[in-house]
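Let's take a friendly walk through a protein structure, one residue at a time. Have the sequence and the 3D view ready as you read.

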Amino acid sequence: MKNLFYILILFLSLGYLFSCEDEKYLSSANVKLRFSVDTVMFDTVFTTIGSTTQHLKVYNPYDQKVLISSVKLAKAETSNFRLNVNGVSSNEVKNLEIAPFDSLYIFVEVTIDPNGQNLPLVVKDSIEFVTNSNPQDVDLVAWGQDFKLVKGKIPKNTIWTNEKPYLVYTDAYVDSISSLTIQAGTKVYFHKEAGLHVEGRVVAKGTVENPIIFHGDRLETVYSNVPDQWDGISLYPGSKNNEFSNVEIKNANIGLLIGNVGEENSADVTLNNVKIQNMAYAGIFAMESGIKATNCLITNCGYYAVALLVSGNYEFNHSTIANYWPQYGFKTRTTPAVYIANVLNVAKDKKDYVGDIAKADFSNCIITGNVLDNNELYLKVNPDKIFNYKFERCVIQLDKTDVFKTSAQHYLNCFKIRPDSIFVDPYKKFNFELDSLSRAKDTANRTISKLYPTDLKGRDRFLDNGPDIGALERQEKKSK
């Protein structure tokens, strides 16, 4: 019995020794962790609104285990930052083990307190690491922006100034007896699924130097060209005399939704020097409405760049409609950049809506994109209704050229183009300036151009051999 006792003691001792061996960590005072970055940087974050999540990787570069005594925020509970360390949500975590040549993740978020000024404010902290009494740190830096919060109904006859940006956190409404005026240089940001809904009137007049912008509220660089971050701007039936000049609408679901079907009143809008880009569904989606658009750049939409449906009066001059939809993880686009139809099937109503398109005129315009069948213009006609359309001196991407002859009264001096032959870099840099060999260069109808002598950026159209087709006039470099 006594021998059995000694054997048990021996086994327990050996087990203890082996367990101690397993728990051995690199003990040198010279141990240095490695980090994926030396600073975790947040782009502009709206005050009181949480940021996106950034991350940091911590590496053990040694062939033995390393024990990190503590990971914590230097400012502890007073910090604006929040940590999740290897799955643990805490601003201080102790005794973290990293296996040989392994790593762990630290996730970081930030919320910034308002300062009551229209000035960027910088918030700083650091993550402190202690390993074998050896301290290391990684800096945390976030830029914040104070704002005016908008939720729900906008007071009657409101003016938005450029003193601070506006954040529309839930839908904003302009009712039928009200107007919203937006001053040059004003920035309007929208939270996820928020939008601007107008039954009355909106007048947004920026300048070339101080445009008005409508964007999503995620200002980090990674979100700069991501669609579907907010709902868009809706102009309801009966909304009249709307104006957008020197305005940028970006990264929504539908940039401008104008009108509706089956309503007694139409909606109308004038667009001058307007950029509408990166929409999950459509840039302009208009039904039974009126549009006069000049110097507009409408690009990269999941379905249609421009859809004009059922009825209305539509006029586009010197505009570039270029749908190089880059998917963004969505399905490949098969719909045309420009879709015009005097009939619309609404499945939920189980009926077709038909009407008269009194005018759909495009002059000195570019219509192109990257759709697979090379046809970026589609017309759907109900022969029992009016369908008046005209393309004059336009560059159009079509799969067939015979329409220029068989329907010559609708296509006046137009040019057919192939993809990738007209812009500097529409895919990676979203640069829709004309290439030096572009078919649109110096070929616009001069009479029409004289009505609109400057381009989207305020540049003179008559400084070289002739005005260019589209919204952007190519500026040739002068030889010395």
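In which strand is Ser126 found? Ser126 belongs to strand β9, which covers residues 121-131. Keep in mind that you are looking at a predicted model.

Now look at how much of this residue is covered. Ser126 has a relative accessible area of 12%. Buried means under 20%, so Ser126 counts as buried. And what is Ser126 in contact with, leaving aside its neighbours within four places in sequence? The residues in contact with Ser126 are Lys72, Leu73, Ala74, Asp137, Val138, Asp139 and Leu140.

Next, move along the chain to Tyr339. This residue sits in strand β27, made up of residues 338-341. Because its relative accessibility is 14%, Tyr339 counts as buried. If you set aside residues up to four places away in sequence, Tyr339 touches Tyr304, Val306, Ala307, Leu308, Leu309, Tyr378 and Lys380.

Finally, let's turn to Met41. You will find Met41 in strand β2, which spans residues 39-46. Is Met41 buried or partly exposed? Its relative accessibility is 42%, so Met41 counts as partly exposed.

How values were computed:
Residues are numbered from 1 along each chain as its sequence is written. This is a predicted model: local features need pLDDT of at least 70, side-chain atom pairs count only at pLDDT 80 or more; totals for chains, interfaces and linings use all residues. Side-chain values use heavy atoms; hydrogens and water are left out. Helices (H or I, at least four residues) and strands (E, at least two) are DSSP runs, numbered from the N terminus. Buried means under 20% relative accessible area, exposed over 50%, partly exposed in between (1.4 Å probe, protein chains only). Contact means heavy atoms within 4.5 Å.
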